[in-house]
Amino acid sequence: RMFTLDSYTDMPVVNIALHKKATQSSDHSKIYTADNGVDGEKSDICFAHTDSEQFDQTHWWMVDLNNEACIIRVVIYHRLTCSYRMIDSEVWVGNINDPDYNPGNTRCGILREDEIEDGGVTTINCNVPGRYVMLVKTFENVEENSVLNFLEVEVYTIE
């Protein structure tokens with residue numbers, strides 16, 4: 001069942017990404033793994049971070065929700081520093097679990113420079129069905145030292 005953005009404002013929503021399996025294109029180190037992005041911790045010492053040495057590839061992060069759900073919104077919590085690295089990252093939702101091949105998935109939004117600040121929160125409204133939620137920064141949008149790094153991603157659906 002699809003809802004308009006106005007139809008769910010008074011309905012209870014739930015974060016269905018919490019403690020789900022997450023993966024990413026690379027790990028900056030053994031402590032900055034993909035699962036940090038859905039562990040419920042919003043401290044600047046425990047976050048997801050792709051490898052900053054990988055300049056010639058698409059950087060991506062993905063959570064498997066285990067089942068398809070109507071994704072109402074995706075909320076991204078930014079680090080206290082270096083949040084500029086998330087500029088031009090895209091949020092994708094769908095049932096295809098290949099971040100490099102998205103024609104069957106839907107792009108919900110792009111994180112724009114004016115929407116990102118250190119320690120801030122970005123909300124992307126989706127209203128799209130899908131099992132996988134991805135943050136993707138394509139090679140065309142990647143500059144030197146421009147990687148994915150964030151504290152937490154919350155994925156909301158109607159309870």
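Which side chain of opposite charge is nearest to Lys137, a residue that is buried yet has no salt bridge? That would be Asp88, at 6.3 Å. Here buried means under 20% relative accessible area, exposed means over 50%, and partly exposed is what falls in between (1.4 Å probe, protein chains only). A salt bridge needs a side-chain nitrogen of Lys or Arg within 4 Å of a carboxyl oxygen of Asp or Glu. As for charge, Lys and Arg count as positive and Asp and Glu as negative, with His and the chain ends not counted.

A quick word on the ground rules. This is a predicted model, where local features need pLDDT of at least 70 and side-chain atom pairs count only at pLDDT 80 or more, while totals for chains, interfaces and linings use all residues. Residues are numbered from 1 along each chain as its sequence is written, and side-chain values use heavy atoms, with hydrogens and water left out.

Back to Lys137. This lysine sits in strand S7 (residues 121–137); strands are DSSP runs of E with at least two residues, helices are H or I runs of at least four, and both are numbered from the N terminus. What does the Lys137 side chain reach at 2.3 Å? The backbone oxygen of Arg85. The backbone oxygen of Ile87 is also on the list, 2.9 Å from a polar atom of the Lys137 side chain.

Now for the charges that do pair up. In general, side chains of opposite charge can pair when their charged atoms come close. The whole structure holds five salt bridges, including the ones tabulated here.

| Lys42 | Glu154 | 3.0 Å |

Take Lys42 and Glu154, which meet in a salt bridge. Lys42 is in the loop between S2 and strand S3 (48–49) and Glu154 is in strand S9 (residues 152–158), so the pair ties together parts 112 residues apart in sequence. Lys42 is partly exposed, at 39% relative accessible area, whereas Glu154 is buried at 8%.

Arg107 lies in strand S6 and Glu90 in strand S5, so parts 17 residues apart in sequence are tied together. Arg107 is partly exposed at 43%, while Glu90 is buried at 11%.

S2 pairs with strand S4 (residues 59–77) in the antiparallel sense over four bridges, where pairing takes at least two DSSP bridges between the strands. Lys21 stands opposite Asp64 in S4.

Finally, the core. In the largest nonpolar core, 29 residues in all, Trp61, Ile71, Leu135 and Val155 touch the most other members. S4, S5, S7 and S9 are the elements giving two or more residues to this core, and S4 gives the most, with seven. Such a core is a set of buried Ala, Val, Leu, Ile, Met, Phe, Trp, Tyr and Cys residues joined through side-chain atoms within 4.5 Å.

How values were computed: A polar contact is a pair of N or O atoms within 3.5 Å; within protein, one must be able to donate a hydrogen and the other to accept it, and residues adjacent in sequence count only if both atoms are side-chain atoms.
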